[in-house]
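Please read this briefing with the sequence and the model side by side. The points are grouped by topic.

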Amino acid sequence: MAGEKSEEDTVSEYLGQNPELAQWVDTFRSYSESNKQWVARREFLLRNMEAFPTLEHGVPSSSLDRLLSLSMVWANNVFLGCCYPQAVMDKIKEMGDGIVVQDAPVHKTTKDGIQGRGKRSATTEGESDSGGKRAKSSRKSGPLPQAPAEHQPFFNRLYKAVAWKLVSAGGFGPNLDHFEILRSCVESCKETMACVYVPLKDITGLPAGRTQKEGHVCEIRCQTVYMGTGYGRDEAAAKAMASKEALKVFQGRKVTVKICRRRYNGKDVEDLVLLDEQPRSPGFPPALSYPFQDEQLEEGSS
Amino acid sequence: MGVPAFFRWLSRKYASIVVHCVEEKGKECNGVCIPVDTTKPNPNEVEFDNLYLDMNGIIHPCTHPEDKAAPKNEDEMMVAIFEYIDRLFNIVRPRRVLYMAIDGVAPRAKMNQQRSRRFRASKEGAELVEEKTRIREEVIGKGGYLPPDEIKERFDSNCITPGTEFMDNLAQCLRYYVAERISNDPGWKNVTVILSDASVPGEGEHKIMDYIRRQRAQPNHDPNTHHCLCGADADLIMLGLATHEPNFTIIREEFKPNKPRPCALCNQVGHELKECQGVAREKQGEHDEFAGSMPGSEQEFIFIRLCVLREYLARELTMASLPFPFDFERSIDDWVFMCFFVGNDFLPHLPSLEIREGAIDRLVTIYKDVVHKTGGYVTHNGYVDLERVELIMQAVGVAEDNIFKKRKEDDEGFKRRMKEKKKRMKNERGPAHMTSGQFAPQALGRRDKPDAVNNARHQAFDMRMQSNKDAAQSLKASMKNGGNSAGPSGSTDGRGVKRKSNDSDSEPEPEDDVRLWEDGWRQRYYKTKFDVEATDDDFRQKVVRSYVEGLCWVLRYYYQGCASWKWYFPFHYAPFASDFKDIKGMFDDFEKDTKPFKPLEQLMGVFPAASGNFLPPTWRSLMSSPDSSIIDFYPDDFAIDLNGKKYAWQGVALLPFVDERRLWAALADVYPDLTTEEQRRNSLGSDLMFVGKAHPLFDFIHELYRTESNEDTEIPAELCHGIQGLLNLDGKPILPDQPVTSPIPTLRDIAHNSAIGVKFRDPAFEKDFVFKAVLLSGAKMPNAVLKPGDWEKGNRQPWRPQTGFNQHRQPAHLDQSGFRALGHSMNRNQHGGRGGGGGGGGEEEEEEEVVSIATLLHQTPTKETTEVNKVADTSLSNIPGRTAYWERLRPTSSPSTLGSSSSSSRMVAAAGVTAGIEPRRLRARRTSRTSRTSRTRAAGGRLLLSSREDTSRGSMTGERTGDNTIRATAPEGSRPPPPSRRYDWNN
């Protein structure tokens with residue numbers, strides 16, 4: 001924070017030394033711009049003026065207009081949540097590098113915020129990644145912080161569906177077709193399950209003593225939320241075990257979606273997990289899949 | 001005013017302002033369509049002088065209808081527009097002027113809204129396509145069936161903006177249309193047609209207002225002109241009131257909330273896109289004969305009588321014991337002004353004033369108080385007294401805190417009630433073994449007693465079949481869906497197909513960071529909406545100042561015309577009412593002599609980059625190139641703030657504002673790239689006036705062309721009902737006896753044209769002229785419609801409410817036998833129509849229109865009821881005791897035609913009347929006809945059951961019913977009038 005303060009001070013100091021420039025620059029402020037927005041955009045303008053060699057102080061020109069336009073692009077992106085074509089975004093990202101805006105507003109575009117189902121849109125990613133100026137708010141990969149809340153209503157419904165299903169099937173027990181029960185409940189809630197199968201031998205990081213050559217592991221997710229993992233001789237058996245594990249979670253008074261840390265590909269990642277209310281050992285089996293896309297992005301960049 | 005709630009509120013509170021239109025339909029005879037003769041008296045029992053069309057309200061539904069298949073190409077769109085105008089012309093039958101106004105370049109204040117709409121349309125279009133492909137894959141993956149995706153170019157509704165080629169073509173087509181009708185339609189031959197196309201700046205309705213205002217201000221104006229304005233916007237009501245013309249009526253499509261829209265994927269009604277399952281289409285009718293006709297496919301029209309609204313307002317606004325004489329006209333202006341607080345196209349509405357929460361009533365109460373205290377009105381001729389506005393605002397501000405708290409409470413209460421209702425509904429469905437139909441259990445102690453059971457075995461059979469059908473359906477579904485899913489799908493979930501998983505928590509509430517109902521709302525509002533601290537007084541002052549300017553601008557716009565083409569409200573949100581402090585000095589006057597944008601400039605100002613194809617290439621590249629100096633105007637995605645609302649379209653689009661200086665600087669470089677054609681499209685045009693040969697003004701205009709007098713000439717007032725204006729020769733005129741080529745391949749050229757066209761300009765006034773918002777001398781107020789408050793004291797008779805324009809309208813009657821016949825053929829437990837299933841979901845509340853038999857029967861007689869009556873009369877006259885009754889029903893002046901009106905309700909009356917008298921007579925006379933008549937009777941009953949919502953089916957059977965009835969009862973050869981006499985217009 002201290003660094004940021006001094007940065008702002010440098011700007012005002014600089015303008016204090018160049019009163020004419022300060023006056024001229026102030027004419028670019030638009031009527032509806034708040035102090036905070038203007039200070040940030042002014043910094044953007046001042047930092048980039050040298051990059052426009054044809055720009056003469058105090059003289060209107062088309063290159064000045066281009067700079068003004070880009071400064072607006074940057075400000076609109078930071079303060080209003082607007083997105084522009086990629087080429088433009090790249091440009092302002094570069095130009096705005098290093099300008100710090102404290103607690104910039106968070107805006108939702110229709111895709112992720114309002115229709116509100118499913119994954120995050122490319123737009124928010126672009127938004128939060130661009131510019132890099134949201135030093136504080138820029139997130140690492142993984143589920144969004146609000147993701148559990150978004151998924152919770154669905155799992156509440158699923159919980160009811162499972163509860164009734166189990167009642168009609170005579171209660172939870174070993175002799176049920178667990179997969180079938182889970183599948184029909186999920187589908188009655190208008191969703192589908194995602195099953196991922198991995199041969200056991202392909203999984204790294206298992207305790208050495210238990211490593212077997214044969215068999216398959218199945219992981220069940222629904223709406224990207226992890227529900228259970230199971231092992232079996234073939235895929236069907238693994239799936240049945242995974243379903244049984246998943247159904248166990250539904251034995252409590254309620255189910256909750258939470259963000260938990262677990263292993264994936266030998267690394268610790270944050271994952272969306274369905275839990276019952278009992279506190280239990282945090283030992284999740286390693287994840288077999290990771291549906292949060294920007295993981296790959298991050299890997300690509302690092 | 002884009003406030004759908006406003007009209008609903010108004011028509012509920014002031015119910016008598018609405019009058020349903022009587023529409024005479026063209027008939028088909030041997031496959032030839034015979035148009036209606038509009039020279040005949042208006043069937044609505046009122047004569048209108050001027051009809052004004054706000055064309056954009058017509059163009060949009062005709063080019064991309066929401067409830068039926070879209071026209072395939074531009075030609076079909078044009079034809080649809082022509083037909084729509086014909087329909088309106090037929091209903092209204094103007095006798096003097098038809099004024100068609102297409103939106104031209106709008107003031108800057110409006111452009112921001114247009115910009116937001118167009119960016120949204122573009123974004124929603126793209127999202128819809130994406131969603132469609134996603135769900136299509138999903139559904140097909142599950143084994144559902146979907147009709148193949150038609151490869152057609154999506155009509156970009158954004159092209160309905162001045163300056164595009166489409167609008168230019170439309171103007172051409174309308175000229176042809178006007179010339180054609182003037183030449184060939186007798187109803188048009190004396191009408192003066194004025195066409196104000198998109199090249200004339202100004203919003204359509206405001207161009208119309210300008211016309212009316214300027215006509216009123218000149219001495220030859222007829223103060224008793226009856227105006228009829230067509231358009232659905234609620235602000236037309238305000239505009240109409242603002243004219244202070246005593247006879248002003250608005251015509252619009254009947255408002256039908258929650259009309260089901262077909263799913264975008266499978267084209268079936270009853271579910272939304274995201275719930276599409278790709279189930280095979282249900283047959284419409286036994287042999288699918290009703291396929292293609294959407295329920296309620298033809299909208300009916302209603303009139304809104306502003307003189308009745310004025311009566312209501314007079315009751316509400318009149319203040320006794322004022323220190324000065326009460327001036328109702330002034331208080332109307334104030335009322336109009338206060339309605340702007342609640343919503344208008346130019347300003348965001350104040351957070352504490354919500355029309356549904358009775359904001360206007362609250363304002364009226366406060367207003368009266370303020371007038372009392374300060375001894376004067378709030379506005380005068382469209383100019384605002386800011387001191388008094390401040391008093392009103394402060395009074396609202398005091399209550400603001402409570403308003404927000406109450407809103408939250410109401411909201412929670414509503415949710416709780418809905419939840420409980422849902423639960424109740426669930427319970428009411430009862431267990432599976434519950435009997436249905438006439439065996440259904442009946443609650444005790446209700447008014448309608450259950451009927452005696454008849455045909456019990458058949459009913460039992462039906463019930464059995466129903467459960468079989470259910471089982472078959474679920475089996476089918478499970479087979480279909482089970483096809484490629486992993487395991488065999490359990491038979492247990494077959495029933496789950498129909499059940500919706502709609503729990504109260506199914507749709508997550510959007511987050512609301514502002515929480516206006518909790519303390520500290522002001523800080524949070526300014527922080528989240530404007531990103532400033534509440535302590536930043538300067539900023540808040542700025543917002544308030546702009547809002548005050550806005551209020552002044554809007555009122556001036558309504559009463560005097562556009563004060564500044566440049567002014568706009570430069571924020572996305574409104575301040576609180578309590579922020580309006582010391583506003584007196586905040587506004588002085590607007591910048592003078594501002595100019596509107598040129599059409600192509602405005603396109604640059606309102607279009608997103610995705611609609612750039614409507615612009616020349618170099619212009620277009622300014623919208624997307626990283627080197628463009630205006631690239632910041634064109635984000636390709638933007639945030640929408642729900643602002644406490646539920647749906648995206650209700651939210652605020654956070655778009656940047658256009659900087660005019662930079663726009664013009666950037667365009668200066670590309671202006672040379674315009675072709676001559678584009679330059680023409682970019683220039684400002686002129687209104688055109690058309691008259692036919694029979695019109696008194698015709699020779700005068702013709703003479704202008706003959707003498708080639710290229711200067712403005714005033715219209716001689718006596719030639720055109722006192723209408724004034726300046727005429728000038730048109731460059732490419734439509735001239736009499738010169739053929740007009742049709743711009744549409746499917747329509748014929750006009751070989752014998754008898755119309756003449758000329759440029760027209762509204763009468764000019766001094767720059768500082770103030771149009772007076774007063775009643776003109778000589779204006780006669782129409783008769784009062786509302787029940788006088790002291791009716792009971794002075795009169796013995798019961799009050800007879802007026803339902804149409806005419807007080808002496810004869811209501812139709814149905815005698816006892818008619819009621820018996822109706823009662824026989826319909827189940828009396830079912831009344832009223834139910835709109836076809838879910839869907840829609842756009843509007844805030846569910847509403848359904850219940851049409852009871854009583855209202856259907858109290859309709860006025862139209863041609864065919866009276867006709868039926870007469871016909872029945874002849875056949876019944878030999879039955880003693882009946883004659884007197886039929887005598888009474890006979891209309892005083894009986895029209896000789898067998899008009900067939902569209903309104904199903906009247907059909908019912910007709911069918912019912914005959915059905916009622918039928919049995920005895922027919923048995924006595926023509927036994928061979930019995931079968932047909934009994935069908936008639938059944939149809940009559942069906943019609944009632946289906947009510948008017950279901951006009952597709954209703955009007956089909958209805959039409960036939962009417963026909964059959966007449967044929968069944970009329971003695972051979974006595975009636976249908978010879979068509980030759982009626983339709984041969986050219987003689």
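Helix H9 (residues 178-188) of chain A is largely enclosed by the rest of the structure, because nine of its eleven residues are buried; buried means under 20% relative accessible area, exposed over 50%, and partly exposed in between, with a 1.4 Å probe and protein chains only. The model is predicted, so local features need a pLDDT of at least 70 and side-chain atom pairs count only at pLDDT 80 or more, while totals for chains, interfaces and linings use all residues. Residues are numbered from 1 along each chain as its sequence is written, chains are lettered from A and ligands numbered from 1 in the order in which they are written, and side-chain values use heavy atoms, with hydrogens and water left out.

**Helix H9 and chain A**

- The buried residues of H9(A) are His178(A), Phe179(A), Glu180(A), Ile181(A), Leu182(A), Arg183(A), Ser184(A), Cys185(A) and Val186(A).
- These buried residues pack against helix H8 (147-168), strand E1 (193-199), strand E2 (216-222), strand E3 (225-232) and helix H10 (235-249) of chain A, and H9(A) is followed by Lys190(A), whose phi is positive, near 65 degrees.
- Chain A has eleven helices and five strands, which are DSSP runs numbered from the N terminus (helices H or I, at least four residues; strands E, at least two).
- Of the 302 residues in chain A, 49% are buried, and 56% of the chain's contacts with a separation of 6 or more join residues 24 or more positions apart, a contact being heavy atoms within 4.5 Å.

**Loop residues with positive phi**

- Most residues other than glycine have a negative phi.
- Thr224(A), although not a glycine, has a positive phi of about 65 degrees; Thr224(A) lies in the loop between E2 and E3 of chain A and counts as partly exposed at 25% relative accessibility.
- Asp593(B), also not a glycine, has a positive phi of about 55 degrees; Asp593(B) sits in the loop between H14 and helix H15 (599-606) of chain B and is exposed, with a relative accessible area of 54%.

**A buried residue of chain B**

- Ile182(B) is found in helix H5 (residues 165-184) of chain B and, at 3% relative accessibility, counts as buried.
- The C-alpha atoms of Ile182(B) and Ser754(B) are separated by 7.1 Å, although the two residues are 572 residues apart along the chain.
- Leaving aside neighbours within four places in sequence, Ile182(B) is in contact with residues including Trp188(B), Val193(B), Phe690(B), Ser754(B) and Ala755(B).

**The second largest pocket**

- Of the 42 residues that line the second largest pocket, the closest to its centre are Asp210(B), Arg214(B), Gln560(B), Cys562(B) and Trp565(B).
- Helix H6 (204-217), helix H14 (537-559) and strand E17 (755-761) of chain B each supply at least two lining residues, and H6(B) gives the most, with five.

**Confidence in chain B**

- Over residues 483-506 of chain B the pLDDT stays under 50, and the model has 35 contacts beyond four places in sequence for them.
- The pLDDT is also below 50 over residues 831-987 of chain B, a stretch that has 232 contacts in the model beyond near neighbours in sequence.
- Where pLDDT is low, the predicted coordinates should not be read in detail.

Key:
pLDDT is the predictor's confidence in each residue, from 0 to 100. On a 1 Å grid over the protein atoms alone, a cavity is a set of points where a 1.4 Å probe fits but cannot get out, and a pocket is an open set with protein on both sides within 12 Å along at least five of seven lines; lining residues have an atom within 4 Å of a point.
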